Amino acid sequence: MFKADNLYVTASTSGMMTKKLYLEWSEKVLFPHMEERCIFLADSWKTFTNQDSVIELKPEELEYEMLTIPPKVTG
């Protein structure tokens, strides 16, 4: 099976983005690839609303801001 160096694959039983998967992705994919500043643009999925857990994983030197797209505008 082909394995790409720049691909992170995981899954949930529901097929939905869970808080656990979001935190795992933030820790293993997002933050390791950011150098100084990061603006994360997310839709209004409820998993993304609680940023306290993500902030705890953020490297101290990284400036991080999350912007949320309002509900019902991404369709």
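Predicted model: local features only at pLDDT ≥ 70, side-chain atom pairs only at ≥ 80, totals over all residues.

Biologist: Which pattern does the protein follow along the sequence?

Modeller: The protein comprises two helices and two strands, and their order along the sequence is α-β-α-β. The C-alpha trace spans about 40 × 35 × 20 Å along its principal axes. Of the 75 residues, 24% count as buried. Among contacts with a separation of 6 or more, 72% are between residues 24 or more positions apart.

Biologist: How do the strands S1 and S2 run, and how many bridges join them?

Modeller: Strand S1 (residues 37-42) and strand S2 (residues 63-68) run parallel and are joined by six bridges. Within this pairing, alanine 42 stands opposite threonine 68 of S2. Together with helix H2 (residues 52-57), S1 and S2 make a β-α-β unit that is right-handed.

Biologist: Which residues of S1 lie on the covered face, and which on the uncovered one?

Modeller: Cys38, Phe40 and Ala42 form the covered face of S1, whereas Arg37, Ile39 and Leu41 form the uncovered one.

Biologist: Which side chains meet in a salt bridge?

Modeller: In general, side chains of opposite charge can pair when their charged atoms come close. Here the count comes to one salt bridge, in which the side chains of arginine 37 and glutamate 36 meet at 4.0 Å, N to O.

Methods
Residues numbered from 1 in each chain as written. Heavy atoms only, no water. Buried < 20%, exposed > 50% of the residue type's maximum accessible area, 1.4 Å probe, protein only. Helix = DSSP H or I, 4+ residues; strand = E, 2+ residues; numbered from the N terminus. Pairing = 2+ DSSP bridges. Right-handed = clockwise from strand over helix to strand, strands pointing away. Contact = heavy atoms within 4.5 Å.
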